[in-house]
Amino acid sequence: MTVKYQSQKIAQYFYTFAIVLFLVQVLVGIIAAVQFINPDIFILNFNTIRTLHINALVVWLLAGLMGATYYVVPEESETEVWSLPLAKLQFWATVAAIGAVVLGYIWMGLDPQANKTVMGTQLLNEGREYIEAPRWADALIVVSVLLFLFNMFMTMLKTKKWTGIQGVLLGGLVFLALMYLPGMFYTKNMIKDQFWWWWVIHLWVEGSWEVIAGALLAFMLMKTIGAKREVLEKWMYIEVGFVLFTGILGTGHHYYFIGTPSYWKWVGGIFSSLEPVPLLLMVWDAFRTTREARNVTNKAGLFYTVAHAIFNFVGAGLWGIIHTLPQVNQWTHGTQITTAHGHLAFYGAYVLLVISMIYVTMPAIRGVTTYNQSRAYLAFWWMTISMVFIVLTITGAGMVQVYMERLMGLDYEAVKTVYNMWFWIIRAIFGVGFLIGTAIFVYDFFKIGKEPAPALAPAEQKA
Amino acid sequence: MTNKAARNLFIFGSLFFFVIFLGLTVDTMNQIDGRAPEITKDVDAGKMVWQKYDCIGCHTILGNGSYFAPDMTKIVEQKPAGYLKQFLMDPRGVNPKAAMPKLGISSQEADQLLAFLTWISKVDTNGWPPKPILAAAASVAGQPQSRGQQVYQSQGCSACHSIKGIGGTSGPDLTKVGANGKDAEWHVKHLKDPHSVNPKSAMPAYGGVPEADLKELAAYLVTLK
C-alpha cells in the first residue's frame with residue numbers, strides 16, 4: 001500500500017513539526033507540575049512555562065490537523081494537491097512564525113519589561129490565555145491559514161468531487177479560521193474581552209474542532225475497516241450537527257459569572273448538558289462500525305481511532321458535564337476541577353485524534369502495508385494510564401480546593417501549598433510516565449515502515 | 001433519513017442555532033456597560049498593565065486563567081490597598097513566603113493595576129464567588145467569643161493572618177504570636193502604626209479603631225501561645 005497521490009506526503013512535514021512541539025509541550029508540562037511544588041525551580045517563571053505548555057498544544061494539534069487535511073483532501077478529490085510549492089511555503093512560513101513567537105515568550109520570561117506596548121498592543125505576549133501570541137503573529141497565522149485553505153479549496157475545484165467527508169472537514173476548518181478573528185482586537189472592557197475570548201476558545205474546542213474530529217473519524221473508520229461511505233457520512237452529519245446544535249449555545253456555560261446577564265445560566269446550563277450526546281453517538285458509531293470489521297491490517301490505527309472516540313466522550317463529555325450546571329459551577333468555577341477537565345478533554349478529543357490520523361496515514365506515506373505495531377500499543381498505555389492518573393490527582397486536588405477554599409473559606413495559598421501538596425507530587429510523577437509514553441510514540445513515528453514488519457497470517461495477507 | 005436530508009439538517013440546524021447565539025450576543029453587548037462602573041483612563045491603563053505582565057499566566061480573574069495563584073476578581077475587597085501596592089512592587093519584601101516573583105512593576109503601574117482591579121471587583125458577576133457556606137454556618141454555631149476575638153473578626157484580621165490554619169497567608173501566622181516576647185502595650189502601639197515598630201511593614205495602620213477595642217485585641221493576641 002502506498003499513497004495514491006505523491007503530494008499527500010506533505011502531511012509528513014506537518015506531522016513531524018507537530019510531534020516536536022508535542023514533546024516540547026510535555027517537557028514544559030513537567031516543569032510546570034514541579035513548579036506547583038516549588039515555584040522557583042526553573043529560570044523561567046510559571047506563567048512563561050504555562051504559556052509555552054498550552055500554546056505548544058494548540059499549535060501542534062493545528063499542525064497535525066493541517067497535515068491530516070493535506071492527506072485527506074487529495075484522496076477524497078482523487079487528484080494531486082493544487083500547488084505543492086505553496087504547501088511547502090506555507091509549512092516553512094508557519095514554522096518560522098511560530099519559532100519567532102516562542103523566542104518572544106522566552107525573552108519576555110527572562111525580562112518582563114521587554115514586553116513593550118507598541119501601537120496599543122503588546123510586542124511579545126498579549127497576556128490573554130491561549131491566545132498570548134502578539135498581534136503581528138496573529139496576522140501571520142491568518143495569512144498561513146488562508147494560504148492553506150486556498151490550496152485545499154483549489155484542489156477540490158480541480159475535480160469537483162464534493163464528498164461529505166471533505167465538505168465537513170473544510171467547513172470545520174473555515175469555521176475554525178473565522179473563530180480566530182474575535183480574539184484579534186483590543187477591548188477596554190474586561191467583560192467584553194472575556195466574552196469574545198470565549199468565542200475563540202469555546203467555539204474552537206467545542207465547535208469547529210469537534211466538527212473536524214467527526215469528519216476525520218468517518219475517514220479513519222473508512223480507511224481502517226473499509227466501512228461503507230454512505231452509512232459513515234450519514235452518521236457523521238448527524239454527529240457534527242448535534243455538536244453544533246448543543247455546542248454553539250453551550251458557550252453560555254462560560255457566561256455565568258463574568259459579568260454577562262443571568263439568562264446565560266439557563267442557556268448555558270441546558271445546552272451544555274446536552275453536549276456529551278454527539279460525543280456518545282461517535283462512540284456508538286465507532287463500535288457499530290468496528291463490529292463489522294473483517295481483515296483489518298492496520299490494527300493499531302483502528303485501536304487509536306476507537307480509543308479517541310471513547311476518551312473524547314469521557315474527557316470532553318463526562319469530565320465536562322460534572323461541573324457544567326450553574327448551581328455546581330458557582331463552587332467549581334476557577335478551580336482545579338477545570339484543569340482536570342482541560343487535560344482529559346484535550347488528550348481524548350484531540351491528542352488521540354491527531355495520533356490516530358498519524359497511525360492511519362503514515363504506513364501509506366512510507367509505502368508499506370504492515371509495520372511493527374507493538375510500540376504503538378506500548379506508547380498508548382504509557383500515555384493513557386499516566387494521563388488518567390494525572391487527571392484523577394488534579395480532580396482530587398480540585399475537590400479538596402472546592403471544599404476547603406470555597407465552602408470552608410480557607411486561604412487559597414494554604415490549600416495549595418499544604419492540603420494539596422501530595423496531589424502535586426503524584427501528578428508530577430505521572431507526568432514523567434506520560435513523557436515516557438510520548439518518547440516511545442515519537443521514536444515510533446520515525447520508525448514506522450522503516451524496519452522489517454512481522455510476518456502476516458495468511459488471512460491478513462489478502463487484505 | 002437520506003444522506004442529503006442529514007446534510008441539510010446539519011447545515012440549516014447549525015445556522016439556526018448560530019443566529020439565536022448572535023441575537024443573544026447583541027443583547028448581552030447592550031447590557032454589559034450597565035453591569036460595571038465607568039471605565040476611566042486609569043482602569044484602561046491598568047488592563048494594559050494586566051496584559052503586559054501576563055498576570056493571567058498564573059492568576060485567574062472572573063474565574064478564568066491559570067489556577068496557579070489566587071483569583072483577582074475581589075482581591076481589593078480582601079486586602080488593604082496599601083498592602084497590595086507594596087506587594088505588587090516587591091512581593092517577597094512584604095511576604096518572604098510569597099510565590100510571586102518581582103516583575104519590575106513601577107509605582108504608577110501598580111496604581112493603574114489597582115484601579116483596574118477595583119473596577120473588576122464592582123462588576124455584577126451574578127453573585128460569584130459565593131460566600132463560603134460552611135464558614136458562615138460555623139460562626140453561627142460556634143463557641144462564645146471573647147471581646148478581643150470579636151474585634152479580630154470584625155476588623156478582618158484573618159484576611160491576611162491565620163490562627164491555627166484558619167485565615168490568610170499574606171501576613172505572619174499569629175498562632176503563637178503571644179510567645180514572641182512582646183507585651184500587650186507593644187501590640188497596641190503596633191496596631192496603631194505598624195511603621196513605628198517595623199519600617200518595612202506593609203500592614204495598614206488601625207489608629208482609627210477605638211483604643212479600648214485595640215486593648216482587648218492585644219489582650220487576646222498575647223494569649224496565643
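A:Asn298 sits in the loop between helix H9 (276-291) and helix H10 (299-321) of chain A; helices are DSSP runs of H or I of at least four residues, numbered from the N terminus. The model is predicted, with local features needing pLDDT of at least 70 and side-chain atom pairs pLDDT 80 or more, while totals for chains, interfaces and linings use all residues. Residues are numbered from 1 along each chain as its sequence is written, chains are lettered from A in the order in which they are written, and side-chain values use heavy atoms, without hydrogens and water.

A:Asn298 has 10% relative accessibility and therefore counts as buried (under 20% relative accessible area, 1.4 Å probe, protein chains only). Beyond residues up to four places away in sequence, A:Asn298 touches A:Thr224, A:Tyr359, A:Val360, A:Pro363, A:Tyr371 and A:Gln373 (heavy atoms within 4.5 Å).

A:Thr335 lies in the loop between helix H11 (326-332) and helix H12 (336-365) of chain A. A:Thr335 is buried because its relative accessibility is 0%. With residues up to four places away in sequence left out, its contacts are A:Gln401, A:Val402, A:Arg406 and B:Tyr67. A polar atom of the A:Thr335 side chain lies 2.7 Å from the backbone oxygen of A:Thr332.

The C-alpha atoms of A:Asn298 and A:Ile394 are 35 Å apart. These two residues are separated by 96 residues along the chain.

How values were computed:
Helix = DSSP H or I, 4+ residues; strand = E, 2+ residues; numbered from the N terminus. Buried < 20%, exposed > 50% of the residue type's maximum accessible area, 1.4 Å probe, protein only. Polar contact = N/O pair within 3.5 Å; in protein donor to acceptor, adjacent residues only side chain to side chain.
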